[in-house]
Amino acid sequence: MMRQYELVERVQKYKPDANEALLNKAYVYAMQKHGKQKRASGDPYISHPLEVAAILTDMHLDESTIAVALLHDTIEDTTATRAEIDELFGEDIGRLVEGLTKLKRLDLVSKKAKQAENLRKLLLAISDDVRVLLVKLADRLHNMRTLEHMSQEKRARISEETMDIYAPLAGRMGMQDMREELEDLSFRYMNPEAYETVTNRLAELSARNENLITKIEDELRDLLVANGLLNAAVKGRQKKPYSVFRKMQSKSLSFEQLSDVYGFRIIVDDIPACYRALGIVHTRWRVVPGRFKDYISTPKQNDYRSIHTTIVGPSRQRIELQIRTRRMHEIAEYGIAAHSLYKDGENGEGSELLSKESNAYSWLRHTIEALAEGDSPEEFLEHTKLELFQDQVFCFTPKGKLIALPRGATPIDFAYAVHTNIGDTTVGAKINGRIMPLVTRLNNGDEVEIIRSGVQVPPAAWEEIVVTGKARAAIRRATRMAIRKQYAGLGHRILERTFERAGKTFSRDILKPALFRLGQKDVEDAIASVGRGEMSSLDVLKAVFPDYKDERTTIKPAADQGWFNMQSATGMIFRLPGQERTAKEATEAAKTSEGMDPLPIRGLAGNVEVRFSPAGAVPGDRIVGIMEEGHGITIYPIQASALQKFDDQPERWIDVRWDLDEANKSRFGARITINALNEPGTLATVAQVIARLDINIRMMTMGRVATDFSELSFELEVWDLRQLNQLLSQLKDLDCVSTVKRVYD
């Protein structure tokens with residue numbers, strides 16, 4: 001276990017003027033508070049915060065952050081309080097320790113919803129001060145290093161969470177070495193067999209090529225020095241087990257097929273020297289086509305800058321090269337921790353300065369914006385994982401602004417990355433000056449111009465096309481709002497009719513006092529519930545006017561009528577159970593609706609709150625609407641026997657009428673059955689008649705009903721009732737047809 005003086009010495013190596021008194025006080029306080037507590041390994045508990053602090057000293061962090069690392073478990077696991085820490089160490093350190101404590105109390109190793117909620121807490125805490133992230137990652141790294149002392153179940157769960165959240169988060173913050181170690185440790189416990197296999201194969205390869213890395217390092221260094229780069233440093237290494245395994249999985253390769261197991265870094269003084277080194281290497285050795293990336297001119301979103309190339313190098317070995325300056329190397333090693341601005345800030349000023357310098361921190365800020373958009377925790381977790389795991393492509397707006405997107409992103413993702421409003425109003429895109437489909441995958445360097453329309457609403461299907469969490473969240477939100485708006489529009493019209501028939505005047509303001517009785521949080525939700533059929537308009541009327549009585553009037557039937565037409569206060573027409581009704585009688589009954597016009601229905605023109613019964617209905621039919629919970633209105637022909645089950649629910653009946661868009665005509669579904677002779681050519685004859693009338697057959701079934709007769713059932717798509725009646729008439733005239741009738745259910 002590290003001693004007090006050793007920790008102080010580690011900090012003073014990179015910061016000679018460090019506040020030694022603060023470090024000593026934090027060390028002693030943590031030691032006293034944790035006392036005789038033990039870890040699962042049997043080690044004194046104080047060893048854990050000490051190791052977390054040691055990890056942070058490797059990143060050259062300031063003494064305040066080291067003190068927070070020493071204290072990060074005191075509030076949670078000891079008798080320490082926030083007030084006590086504030087008094088001894090200051091409010092800044094107290095705030096950070098408390099922020100880490102809140103995260104600790106609800107460990108992410110849990111069910112999805114709780115895990116997602118804690119990811120929200122983590123990101124919110126990080127957005128307040130990035131040092132929370134650095135301590136949390138160091139805490140997780142040490143826990144992973146000592147995970148063998150936990151139960152097998154906990155090892156698997158903690159490793160999965162580390163792979164899902166912490167490793168990619170470290171990568172997004174530019175802390176690549178920490179990401180690789182977290183991935184390797186997680187891989188070891190998540191897939192022990194694969195880990196052991198890959199590790200053994202790498203050990204065999206290393207033994208076989210014992211001096212290869214040193215040989216290549218020497219040859220590369222000698223070449224660079226001979227060409228004037230006297231201060232160039234070359235360092236080689238074998239790739240980590242998880243990196244090798246991931247490549248084997250993603251490219252479906254065996255271990256023997258991997259040709260770039262070794263990676264080398266060339267570190268030089270400045271940016272011009274990077275490109276000189278690249279030219280020297282490419283002149284000496286053959287380049288592997290398609291394996292060159294310049295992250296110096298176009299940095300990654302996490303601030304990573306370097307030139308990547310793959311060559312067939314010394315000993316004819318295929319090797320990956322990364323060429324960077326020393327400052328770039330520091331950022332690649334420590335990521336966001338390499339930015340020193342926050343160290344000098346006080347009272348939060350440092351974090352603000354850091355956010356301006358660091359693209360990685362800027363990404364975090366953009367991710368936090370999603371927290372305010374009202375997505376469920378599960379959706380947020382899904383979206384954040386998508387953002388964390390994706391590689392990137394870099395595209396440009398027409399004005400030259402750089403937009404970083406996940407690989408596989410589309411112009412829709414691009415539009416939402418620029419601004420949510422631009423995404424919502426997108427109707428098309430130009431890629432490099434050419435109009436291209438919105439499903440086109442973007443490539444590095446593409447210039448994208450978004451074509452917009454003020455009346456556009458993003459289709460729900462876009463959710464399956466986009467790859468960024470921000471785009472998916474915005475599309476879901478816009479879809480929900482559009483559906484709610486449509487249901488609210490329908491509900492508003494239904495409520496207007498209900499209130500008018502009761503002699504009342506409907507307004508949105510009149511609903512506000514009754515919201516608590518209706519169990520709704522706002523007026524729009526209440527109206528939309530009526531539109532969805534989840535709440536009847538009569539219930540709303542009674543909630544607004546508690547003294548209102550639902551009076552029904554009986555209309556005396558004519559002598560030749562076999563049913564009674566009754567009308568409720570809502571104006572919905574219904575009949576007594578067991579009575580039969582004809583279309584003519586229903587039409588006459590509808591005239592008793594006190595002169596109210598039926599609701600217009602535009603067929604299949606996209607109103608999500610309207611659907612048709614299984615047997616369909618066609619323009620010209622007398623139709624009636626039934627409010628169904630969660631489905632809005634279902635349209636039935638008035639002859640449908642299925643309407644009988646709604647006899648005792650008059651409030652669900654809606655009088656509706658056709659409202660066709662002549663400029664965009666649609667076909668409508670209808671069913672017919674034909675009793676025909678069972679002989680060759682019958683089906684062909686029937687099909688010819690249907691085709692001549694420009695009617696589409698959607699589905700057909702056939703069954704034998706007698707020795708000489710078969711029943712043909714057709715699901716058709718017709719323009720209107722006139723066309724359907726014309727078909728029925730012509731089919732009846734066929735010699736091979738015995739009977740033909742329309743099916744209403």
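**Burial and salt bridges in a predicted model**

Q: Why is Arg291 called partly exposed in this predicted model?
A: Arg291 has a relative accessibility of 23%. Buried means under 20% and exposed means over 50%, with partly exposed in between. The value of 23% falls in between, so Arg291 counts as partly exposed.

Q: Why does Glu320 count as buried?
A: Its relative accessibility is 19%. The cut-off for buried is under 20%. Glu320 therefore counts as buried.

Q: What makes Glu320 and Arg291 a salt bridge?
A: The closest N and O atoms of Glu320 and Arg291 are 2.9 Å apart. The limit is within 4 Å. The pair therefore qualifies as a salt bridge.

Q: Why is the pair of Glu320 and Arg291 said to tie together parts of the sequence?
A: Glu320 sits in strand 6 (residues 318-325). Arg291 sits in the loop between strand 3 (286-287) and strand 4 (293-294). These parts are 29 residues apart in sequence, so the pair ties them together.

Q: How do you know that Glu219 and Arg284 meet in a salt bridge?
A: Their N to O distance is 3.8 Å. That is within the 4 Å limit, so the pair counts. Glu219 belongs to helix 13 (residues 212-226) and Arg284 to helix 15 (residues 271-284), 65 residues apart.

Q: Why are Arg327 and Glu330 separated by about one helical turn?
A: Both residues lie in helix 16 (residues 326-334), three residues apart, which means a separation of about one helical turn. Arg327 is partly exposed at 39%, and Glu330 is partly exposed at 36%. Elsewhere, salt bridges that share partners join Lys239, Lys247, Arg291 and Glu320 into one network.

Q: Why is helix 4 called largely enclosed by the rest of the structure?
A: Helix 4 spans residues 63-71, and nine of its nine residues are buried, so the rest of the structure largely encloses it. Among them are Glu63, Ile66 and Leu71. Across the protein, 50% of the 745 residues count as buried.

Definitions and conventions
Residues are numbered from 1 along each chain as its sequence is written. This is a predicted model: local features need pLDDT of at least 70, side-chain atom pairs count only at pLDDT 80 or more; totals for chains, interfaces and linings use all residues. Side-chain values use heavy atoms; hydrogens and water are left out. Buried means under 20% relative accessible area, exposed over 50%, partly exposed in between (1.4 Å probe, protein chains only). Helices (H or I, at least four residues) and strands (E, at least two) are DSSP runs, numbered from the N terminus. A salt bridge is a side-chain nitrogen of Lys or Arg within 4 Å of a carboxyl oxygen of Asp or Glu.
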